[in-house]
Amino acid sequence: MKINLLVRIKNPTFWLTFLPTVVALVYTICEMVGFVPPIAKESMISAIAAAVSALAALGILVDPTTKGIKDSETAMGYTSPKA
């Protein structure tokens with residue numbers, strides 16, 4: 001799987017999808033070790049699920065212009081996000 005990660009981290013859209021995923025991961029780890037965050041898990045997961053669903057519906061999570069989950073050869077040559 002080839003992904004041009006350097007370009008993706010420069011793209012604000014990447015952060016809009018990456019950060020909710022990290023929050024969900026941290027929440028899961030906290031639950032596994034017995035730490036209970038002050039915000040209910042169900043509320044946090046519902047908010048994250050809604051945000052990720054909206055992004056997926058817009059085609060932001062997966063590039064619909066390429067086959068599979070890899071970047072196209074053209075995208076692999078980019079040095080910055082294209083508008």
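Good morning. I begin at G34, which follows α2 and has a positive phi, near 95°. Here helices are DSSP runs of H or I with at least four residues, strands are runs of E with at least two, and both are numbered from the N terminus.

The model is predicted, so local features need pLDDT of at least 70 and side-chain atom pairs pLDDT 80 or more, while totals for chains, interfaces and linings use all residues. Residues are numbered from 1 along each chain as its sequence is written, and side-chain values use heavy atoms, without hydrogens and water.

The protein chain has four helices and zero strands, in the order α-α-α-α from the N terminus. Of its 83 residues, 17% are buried, meaning under 20% relative accessible area with a 1.4 Å probe, protein chains only; exposed means over 50%, and partly exposed lies in between.

Let me turn to α2. This helix covers residues 12–33; its 22 residues should span 32 Å at 1.5 Å a residue, and the end C-alpha atoms are 32 Å apart, which agrees. The expected span is 1.5 Å times one less than the number of residues. Its buried residues are F14, T17, P20, Y27 and C30.

Which residues form the nonpolar patch on the surface? They are I3, L5, L6, I9, W15, F18, L19, V22 and V26, with about 770 Å² of accessible area together. Both α1 (5–8) and α2 give two or more residues to this patch, and α2 provides the largest share, five residues. F18, in helix α2, counts as partly exposed because its relative accessibility is 36%.

Conventions
Patches are made of residues with over 30% relative accessible area and no salt bridge: like charges are joined within 9 Å, nonpolar side chains (Val, Leu, Ile, Met, Phe, Trp, Tyr) within 5 Å. Accessible areas come from the Shrake-Rupley method with a 1.4 Å probe; for residues, only the protein chains shown count as cover. A salt bridge is a side-chain nitrogen of Lys or Arg within 4 Å of a carboxyl oxygen of Asp or Glu.
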